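Welcome! Please take a moment with the sequence and the 3D view, and then we can walk through a few spots together.

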Amino acid sequence: MILEYAIGAFILGGLVGLLRDYKATVKASSFMAFLGSLALLWQVYEVYTSGPVSGDLFGIPIRINDLSIVFLLIIGLVGAAASLFAINYMELFEKVGKGWVYAIAYNTLLASMALIVTADSMEYFVMGWELMTLSSFVLVFFSEKARDVNASVKYYITMHFLDTIPLFLALGTAYSLIGNFEELTFENIANAMATAPASTKAVFTALLMVAFMAKSGMVPFHFWVAETYRAAPTSISAVMAGAMEKVAIYGLIALIWRTVGTSYNLGLFVAVIGAITLTVGTLYALRETNAKRLLAYSSIGQMGYVWFGLGVGMALIPKGGFLGTVGALGAFAGLFHALNHAIFKASLFLSTGAVEYRTGTVELNELGGLGKTMKVTALAALFASFAISGVPPFNGFISKWLIYVSGYYSDSYILALGAVLAAFLSAGTLAYSIKLYGAQFGGEMKRYENVEEVPAGMLVGQWVLAGLTLLIGVFPGTVTGILNVFNAPLNENLYKIGFQSVMFSPVLFVIVLGILAFGLYLVFKPEFGKEAKPWDCGATKLDEDEYRINAEGYYLKYEEKIGSFYRLGDWFYRVGAGAIHYITKAYLWMASYFTKIVDTPYTKIETLDDLREREIMHIDEEVFKPLVRFLNIARDVLPGMRLGTFVVLALVVVGAIVGILIAL
């Protein structure tokens, strides 16, 4: 299996951390991660052309099937682009040092995601999931700033309560049916679930649903996303938003849909959660002024589209007939949008990282005018902005359009309403994309007039993804074969795509658009090169950098109109954040008993900073601490002691140990 080469490259990328030089470490480890990601793409091609493969990888049972390669494609594309980008981008954290931490954690993150979507055992699925959570947690606080460390700790605690505990309980449920960890393959679990009581199926499904909703950032488990993506290095945020979120979609299909089965009610639940989430994520992205937080909320909204499409499929496919074909179309559209979202969202994060690399900030109120000095980055961001907004002929349009079509044909008022809501909120997506792009690249700002474009590797990383938004949008047939694992009844070829008589031809659209643009150019004959100063309305002491609408002012009146929605959402956020706060307090309360309180008996552990300042002491260390102290004293005293004294002390120690053993 080519997967072996990919995992081998990731292992070597982690071992590169043994290098002492920070720059050499991050560059070499990022390059090995790039090679490993390319190997994943090679594995996708091999399976797509030759069929599924099975085998062992370091003793782990592996099966790479039609569903696996969809997510290997996502991980490979995002991993390759982000790794190329990181070769230069991670120089921003040179003062932090610890390149070995980045090398190990980053390569472990990519390897663990590849393991999750290929392991043919729920035991190793859960193990890979924990590796993914742990490595991403380490990367989130890589900057070591206090706010970032707190965000990472809260992310990790959230994942433990909403991911780890449910997954281990689900693993225990599966084990109770199979009775052997070595036989916990997905096929065996599916066979056992076929005859299991309905209550067992319900518990298993509910536990997994909580875990996958939390990792995808579904409402009401979305409260960790914004701060986590803001805190992480931007190349890591691209991987988390582009690939890590999609691993939960794999779990939803592989461990719930294909293993336990689905029903109309379960599908309806998934679709409704998706519709609510796409609404909340989109509207909250509109009011953000931090680029990474805006993109984080945008990820929440776009994952809502994915869940809605899959929910249509889960609800309608069991019905069979015409509704079954509509369900297959919805599920295909959901998977298609998962791939598209991975591409354009990772591209947007990388473009934001490029801006951060040159300006040192991602605060939109402080940015502007970069379109003149960072033209290549600006164009990549423009492509990705069009794609996420669903503007044809970019890839986001086709997947969203097919989601709308499946909802319209669903013969369900709820699903049809969800499709209408999704279509309406695409306008909201366009609105925050205009804000994101305009605030960074529009207008003029003297403070950034000498900013240079980022290095070539960072540009290639952006354009690997930005170029795909247009390529897939114009020629969707390049990926539909890989994505159509549900046998959706698509009417498509290289030039068109659609369902029944509802067709769209991207190629024809591009031709018509090109002719129209050329005609407008001939009619209006725009003149280039002329410059004029903006009118200052008679002001005499107004800085020209202020001749613009900052990010905060884009939709201020609109935000006031729906203020009640934001207040309600903020209340829910406070509830979630409050729950995490008290969970953290409970953790600190327990952790206080593991700190070195013998030397400082009156120390209070009230915050994470207090805990970080103390030496951690485990129970076994506390029990044996007196003996360790005695041995340390003996080590210093023994060289000056006579043999007789040493023998006496040795006998005393041996006698004491024997006495303790007898007493026990």
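## Around S83

Beyond its neighbours within four places in sequence, S83 is in contact with S30, A33, F34, Y106 and L110. This serine belongs to helix 3, which covers residues 66-89. Is S83 buried or exposed? Its relative accessibility is 0%, so S83 counts as buried. Keep in mind as you read that this is a predicted model.

Helix 2 runs over residues 22-50. Its 29 residues should span 42 Å at 1.5 Å a residue, and the C-alpha atoms at its ends are 42 Å apart, so the two values agree.

Both ends have a detail to look for. At the start of helix 2, D21 has a side-chain oxygen that comes within 3.4 Å of the backbone nitrogen of K23. Just after the helix, G51 adopts a positive phi of about 105 degrees.

## The largest nonpolar core

The largest nonpolar core contains 208 residues. Within this core, the residues with the most contacts are M113, M122, F125, F212 and W307. Helix 13 (residues 321-359) provides the largest share of the core, with 20 residues.

Setting aside residues up to four places away in sequence, F212 touches F125, W129, L167, A248, G251, L252, L255, I256 and W307. Two of these partners, F125 and W307, are also named among the residues with the most contacts inside the core.

## Helix 14 and what covers it

Helix 14 covers residues 375-388. It has 14 residues and reaches 20 Å from its first C-alpha to its last, close to the 20 Å expected at 1.5 Å a residue. Just after helix 14, G390 has a positive phi of about 75 degrees.

Which residues of helix 14 are buried? They are T377, A378, A380, A381, F383, A384, S385, A387 and I388. Their cover includes helix 12 (291-316), helix 13, helix 15 (395-408), helix 16 and helix 17 (456-474).

## A cavity inside

How many cavities of 30 Å³ or more are there? The count comes to one. The largest cavity holds about 40 Å³ of space.

Its lining is made up of L348, S351, T352, A381, S385, L436, Y437, Q440 and F441. Helix 13, helix 14 and helix 16 (413-441) each give two or more residues to this lining. The largest share, four residues, comes from helix 16.

Definitions and conventions. Residues are numbered from 1 along each chain as its sequence is written. This is a predicted model: local features need pLDDT of at least 70, side-chain atom pairs count only at pLDDT 80 or more; totals for chains, interfaces and linings use all residues. Side-chain values use heavy atoms; hydrogens and water are left out. The expected span of a helix is 1.5 Å times one less than its number of residues. A polar contact is a pair of N or O atoms within 3.5 Å; within protein, one must be able to donate a hydrogen and the other to accept it, and residues adjacent in sequence count only if both atoms are side-chain atoms. A nonpolar core is a set of buried Ala, Val, Leu, Ile, Met, Phe, Trp, Tyr and Cys residues joined through side-chain atoms within 4.5 Å. Buried means under 20% relative accessible area, exposed over 50%, partly exposed in between (1.4 Å probe, protein chains only). Contact means heavy atoms within 4.5 Å. On a 1 Å grid over the protein atoms alone, a cavity is a set of points where a 1.4 Å probe fits but cannot get out, and a pocket is an open set with protein on both sides within 12 Å along at least five of seven lines; lining residues have an atom within 4 Å of a point. Grid points are joined across faces, edges and corners, and a volume is the space filled by probe spheres set on the points.
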